[in-house]
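Me: I'd like to know what stands behind the words used for a model like this one. Could you take me through it?

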Amino acid sequence: MSGNLIVERERGLLELERRISELRAANATQPVDMSSEIAALEAKYQQILHEVFGTLSPWEKVHMARHPGRPTSLDYISALERFDELHGDRQFRDDPAIVGGFALMSGRAIVTIGQQRGRDTKENLRRNFGMPAPEGYRKVRRLAHVASRLNLPIVTFVDTKGADPGISSEEHAQSEAIAMCLHEFSTARVPIVATVIGEGGSGGALALAIADSVLMLEHSTYSVASPEGCAAILWSDASKAEEAASRLKLTAGDLHDFGIVDEIVPEPLGGAHRDVAAVVGRTLSAIEMSVTRLSALSPEELLEERYRKYRRLGTWHAERMEPIGGR
Amino acid sequence: MMQMPDWLRARRGKDAEGRDAALWTKCPKCGEVLYRRDLAANAFVCPRCAHHFRMSAFDRISSIVDGDFAEIGADIAPGDPLGWSDKKSYPAKLRGDREKSGLSEAVVCGFGQIGGFDVALAVMDFHFRGGTMGTVVGERIALLLEEARKRKVPCIVFTASGGARMEEGMLALMQMAKTTAAVTRFTEDGNFFMTVLTDPTTGGVSASFAFQADVIVAESRAMIGFAGRRVIEQTIRQKLPDQFQTAEFLLEKGAIDMVVDRHALKDTLVRLLEYARGGVLRA
């Protein structure tokens, strides 16, 4: 992917940050008091920060969601009390684009699963940029099934451009793998809490996101197709991605309005990567509150509520159309 | 007694043979120029190269059900949740497709009989918005499965879809969750669910109910896959072989149960319905 908008904007700020810290260092060693200059620069810095990041367009949020420094699934999972990773689909291979296993969340045993992209090029190649193959979705299904049998809540982290669109994935029936994930999450007799932490792209994201409670970070995106994909499908022109992003209603606020997202987790000014520890902590406590609340419900109540929730989604109206039937 | 819809009556009536008689059409596969009446009489299969033309939902239902067909969910009409507009507004696109295809949406659902078996039937139609799944498709299919569950009858869905409908955004994606929920309740009650994948079946439809069936049948040469051919070619930067993502390819890879020629389709479905009913079939 060529150039991240947010990273580019941060370059200018980085320069300012360096000057402030230089001045601070000089101030500590030299007799001249420069605290008013430092304060002025800091005020300017805050002002620019607000101007640049105070309100983000949908397209800017797409770039924020793809920011290379944005916390990934493992940043959240490794902040849990304990994590024991489980591997493999038992059929073909272990897909590094999916991480999952048993964990403890404030003492409570859970199963956690997430899409995992890489933090650098080498890791991205190994993890296929967080785009799971069918083997990955079969691992997801297996872990969700174990969770349901053992009565452990399922906590998922959604962060993918979409399911892998390659030859091998088609040969191994990507459609079936995702379809059966959806089935498993529809029938799991335990609380499911899904959090969209980065990019939620299409069916490959939904495969981990049929849940009793869906959380979404403020600057994450979640859409029917990536903006590039949507532009290619509708207009055969991927360069119209920015236009697609503005039409798709893919921000946390839009999706909260539609009833698809239950809770928005706020991010610091400038995005989650500016204070990873705070964002991870805040997100995990929001997840924990949902898990606790849902754990009070019986499996039958959970399944009934989940069914009704997804049964309701969509907009249509009753309209008696003229007798149809074509030629 | 159910009321036979006008379109079905027209296809069953005396003048059915004269329908479209004036039109010629060209086989996209072998280039043969075909008399449309001959093509319709041959189940929309090219007599020269056996290419299976994409069928309208009306022709499909007419060719599959024994007699009557009682449509349900016909009055569920699409909204415009995103207020979508590009070259045209979404409502204008819908009106255009409605006029061209005679369909009110990309799926027709209802109840009828096949070989004497009561069945719930959903037939998608590629001629309406590329068979894409928006709220109405999801809603009608969920409604059909809920009603079929009450009546305890098998359900057969004919798929033909380019995937989720972009113009309804995430609400379109959520129809994958909605239809999955309905399929799950239906099958967990012990009911038989079968899909017939027709050309093309991709994206959000293939990754939900299409591949959740007890038995998955595909029509000869149908293109079936998750990602579209173009997307894959762009990703891997090379041309894909012709056979890739055909029904025959999926059969070889173990993704579907059988590939059936359209002429043999109804008999095949009836045999499958017999097994699903169970018991002693022959004394």
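Me: How many helices and strands does chain A have?
Reply: Chain A has 14 helices and nine strands. Helices are DSSP runs of H or I with at least four residues, strands are runs of E with at least two, and both are numbered from the N terminus. This is a predicted model, where local features need pLDDT of at least 70, side-chain atom pairs count only at pLDDT 80 or more, and totals for chains, interfaces and linings use all residues. Residues are numbered from 1 along each chain as its sequence is written, chains are lettered from A and ligands numbered from 1 in the order written, and side-chain values use heavy atoms, without hydrogens and water.

Me: What makes α3(B) mostly covered?
Reply: Buried means under 20% relative accessible area (1.4 Å probe, protein chains only). Helix α3 of chain B, residues 57-64, has seven of its eight residues buried, among them Phe58(B), Arg60(B) and Ile64(B). In chain A, buried residues make up 54% of the 327.

Me: How confident is the predictor in chain B?
Reply: On the pLDDT scale, the predictor's confidence in each residue from 0 to 100, chain B averages 93, and 95% of the residues score at least 70. The model scores ipTM 0.94 and pTM 0.95.

How values were computed. Buried < 20%, exposed > 50% of the residue type's maximum accessible area, 1.4 Å probe, protein only.
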